[in-house]
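Here is a model to read through its aromatic residues.

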Amino acid sequence: MAMRNRKFYQGQAVKGKYKTALRGKYFLSHPEKNLRGSKYIVFKSKLEAMFIKFLDNSPDVIKWDYENPMNTIPYFDPVQQRQRRYFIDFVMWIRSGPVL
């Protein structure tokens, strides 16, 4: 609980394949909007943390999910000649307003 008051996320720079990337936990203000109902999301970059914050705080987003293994797109890799899967990062349901 104390971590939520300091920042919207707690992260650290991690050296690796993509040089330095911010990784950490984003503590949700509205966990009921997350499809899994978790209290925090583990993110892999600052861009993901910023998008999670947007989804969490936007009144037009009804529900959303992050890196669910059920949300995959199968495709054929012509270079390696094999079937592969693309894992979708974000899925969201938005509220449709009046169309003018």
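Q: How many aromatic pairs does the rule give?
A: The model is predicted, so local features need pLDDT of at least 70, side-chain atom pairs count only at pLDDT 80 or more, and totals for chains, interfaces and linings use all residues. Residues are numbered from 1 along each chain as its sequence is written, and side-chain values use heavy atoms, with hydrogens and water left out. Rings of Phe, Tyr and Trp (its six-membered ring) pair if their centres lie within 6.5 Å; planes under 30 degrees apart count as stacked, over 60 as edge-to-face and the rest as tilted. By this rule the count is four.

Q: Which class does the pair of Phe51 and Phe54 fall into?
A: The ring centres of Phe51 and Phe54 are 5.9 Å apart. Their planes meet at 25°, so the pair is stacked.

Q: Where do Phe51 and Phe54 both lie?
A: Helices (H or I, at least four residues) and strands (E, at least two) are DSSP runs, numbered from the N terminus. Phe51 and Phe54 are three residues apart, about one turn of the helix. Both lie in helix 2.

Q: What is the relative accessible area of Phe54?
A: Buried means under 20% relative accessible area, exposed over 50%, partly exposed in between (1.4 Å probe, protein chains only). Phe51 is partly exposed, at 28%. Phe54 is also partly exposed, and its value is 47%.

Q: Which strands does the pair of Tyr66 and Phe90 tie together?
A: This pair is tilted, with 4.9 Å centre to centre and 40° between the planes. Tyr66 and Phe90 lie in separate strands, so their pair ties together parts that are 24 residues apart in sequence. The strands are strand 4 for Tyr66 and strand 7 (residues 90-94) for Phe90.

Q: Are Tyr66 and Phe90 buried or exposed?
A: Both belong to the largest nonpolar core, which has 11 residues. Such a core is a set of buried Ala, Val, Leu, Ile, Met, Phe, Trp, Tyr and Cys residues joined through side-chain atoms within 4.5 Å. Tyr66 and Phe90 are therefore both buried.

Q: Which elements each supply at least two residues of this core?
A: The core includes Ile41, Phe43, Ile52, Leu55, Val61 and Trp64. The elements are strand 3 (40-43), helix 2 (46-57) and strand 4 (61-66).

Q: Which ring does the charged end of Lys25 sit over?
A: A charge sits over a ring if NZ of Lys or CZ of Arg is within 6 Å of the ring centre and within 35 degrees of the ring normal. The charged end of Lys25 is 4.6 Å from the centre of the ring of Tyr40.
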